[in-house]
Amino acid sequence: MFRRFFHHIKEGFYGFCRHIGMALSSASAVMITLILIGLFIVLTFNLYAMTSSIEDSITLSALIKDGTTIQSEDLKRQIEAIEGVERAEFHTKDEEFDYYLETYNDPDLRAFYETYREDNPFKDAFIVYAQSGEDIPHIKDSLSKMSAIDEVYDGGDNTYTLVEVLDNVRIVGGLLVGALCILAIYLIYNTIKITIASRSDEIWIMRNVGAKNGYIRAPFLVEGIIIGFIGALIPMLLLILGYIYLYETYNGLLFGAFSLLHPYPFIFYVALSLLGIGVIVGFFGSYISVFKYLRLRR
Amino acid sequence: MIKIENVSKVYKNGTRALDKINLEVEDEEFVYIVGSTGSGKSTLIKILDGEEVPSSGKAIVNGTDVGSLRFSKVPIYRRNVGVVFQDYRLLPRKTVFENVAYALEVVDTPKKVLRQRVREVLKLVDIADKSNAFPDELSGGQKQRVAIARAIANKPKILIADEPTGNLDPRKSDEIISLFEKINTEEHTTILIVTHDVEIVRHHPKRVIMIESGNVAADLPKGAKV
């Protein structure tokens with residue numbers, strides 16, 4: 001069993017070396033594809049983190065009508081019963097006023113606004129947290145219909161638009177990763193096809209003397225895996241070094257607003273994923289190629 | 001034993017290569033299959049080798065119905081049917097020993113058994129002194145001996161040779177046929193030789209099956225005038 005295993009590994013390397021020019025050109029093409037895949041993975045995960053953080057920060061302020069008779073605890077229960085509401089926090093008008101003052105760093109300005117406390121224009125309010133950004137519109141709608149609620153404020157349309165754009169970029173990124181994987185499979189498929197053609201005599205002899213299809217297939221699969229593996233090494237290195245450099249140069253904050261995911265362990269997981277994708281793509285590319293060849297001939 | 005019953009083969013392009021052919025070959029028999037180009041000989045070999053399946057009829061080889069043989073079972077089936085071709089098909093980067101050993105390696109023969117069997121067959125085909133030579137260093141007759149050694153290494157019950165003397169001069173051809181006779185006797189292998197060479201058939205008289213236009217035109221017993 002081990003003898004056979006090492007035989008296949010040896011034959012796979014032998015096949016790779018015998019067509020080293022072709023194999024390396026295929027590995028280079030896979031390398032470029034994997035660099036793009038890596039970039040899209042990094043982008044997709046960072047966007048995911050960004051959208052999640054933006055979505056988490058989206059809250060609704062439901063202002064309570066003055067003179068409402070309903071108890072705040074009952075209202076809280078009603079609000080939390082709305083589908084998509086994670087929780088609701090009750091803030092008195094004084095607390096709201098305090099939050100407002102906290103937004104000013106200048107002590108003089110704070111002292112100035114403090115004089116308005118007697119005529120506090122704020123109202124008692126519920127800060128409503130949604131389970132996800134998608135729930136905001138219908139929660140807002142439900143809150144507006146409640147008799148005890150005067151007005152409802154949310155983060156505004158711009159926030160939704162941003163979340164939507166980031167979501168779409170994320171989806172497009174995912175689709176591109178898929179498409180690039182298929183491209184890489186195709187590249188390896190063609191390389192193995194040429195390898196098979198150049199070794200058709202050997203395959204014929206193997207078939208002729210009764211070698212099982214698995215035995216014939218194995219060295220080609222090893223060769224495909226080697227191409228995928230080699231094709232993944234440089235993208236892994238580039239991605240790790242590039243991302244760490246980017247993170248450290250911009251102190252983890254891109255364009256001063258978007259925080260990047262910390263490189264440890266994130267980028268190492270991405271690099272390992274690239275290696276995995278390279279190996280899987282190599283395996284499938286050669287599998288399809290050799291399977292088609294063997295299937296056409298009994 | 002080979003039993004061909006009403007076997008027809010029609011290719012996708014509509015060519016009818018075999019037309020309700022019937023024949024039987026007993027175990028350990030030595031048979032020549034002769035016929036002109038396009039008569040259906042190659043198709044018959046492909047069916048016996050499991051490469052093609054009959055369009056209709058039954059081809060039973062060593063108790064196996066080739067037509068209903070599953071794709072995954074073809075390799076196992078082939079271990080009992082050795083095939084030798086006119087163009088030898090040796091691996092140029094392997095020595096004579098390695099070329100023959102290759103046939104045993106791919107079917108997972110233990111190393112010790114493999115070495116012993118390779119020496120045995122190289123001796124049988126009378127090429128043991130060239131075991132370290134590469135195919136390029138051999139003559140046509142020697143290459144054919146290596147190809148025969150490889151075909152019989154797995155001890156197949158049937159050995160099919162398609163024009164094995166096509167590239168050889170009369171003397172070498174004669175030697176190769178004598179070698180097949182030796183294998184037939186010593187290894188108890190059924191031998192089917194497809195040939196155009198009437199001289200060989202006359203010098204080594206055996207049963208002759210003549211195929212013309214996909215049919216058995218004649219089935220002559222050993223010694224009959226060809």
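In this predicted model, helix α3(B) meets helix α4(B) through a defined set of residues. From α3(B) come Val96(B), Phe97(B), Val100(B), Ala101(B), Leu104(B) and Glu105(B). Facing them in α4(B) are Leu114(B), Arg117(B), Val118(B), Val121(B) and Leu122(B). By class, this contact holds 9 nonpolar and 2 charged residues, with no polar ones.

Now take the geometry. Two packed helices are described by the angle between their axes and the distance between those axes. Here α3 spans residues 96-105 of chain B, and α4 spans residues 111-124 of chain B. The two pack at an angle of about 125°. Their axes lie 9 Å apart. The crossing of the two helices is right-handed.

Next, the contact between chains. On chain B, 18 residues are in contact with 14 residues of chain A. Helices α2 (74-78) and α3 of chain B each supply at least two residues of this side. The most comes from α2(B), which gives 4 residues. By class, the side of chain B that touches chain A has 10 nonpolar, 6 charged and 2 polar residues.

Finally, step back to chain B as a whole. Its secondary structure comes to 7 helices and 10 strands. Chain B has 226 residues, and 42% of them count as buried. Consider the contacts in chain B with a separation of 6 or more: residues 24 or more positions apart account for 67% of them.

Conventions
Residues numbered from 1 in each chain as written. Chains lettered and ligands numbered in written order. Predicted model: local features only at pLDDT ≥ 70, side-chain atom pairs only at ≥ 80, totals over all residues. Axes fitted to C-alpha atoms, helices over the stretch in contact; angles between N-to-C directions. Left-handed = near helix turned anticlockwise from the far one by under 90°. Contact = placed C-beta atoms within 7 Å. Nonpolar A, V, L, I, M, F, W, Y, C, P; charged D, E, K, R; others polar. Buried ≥ 20, exposed ≤ 12 C-beta atoms within 10 Å, placed from the backbone.
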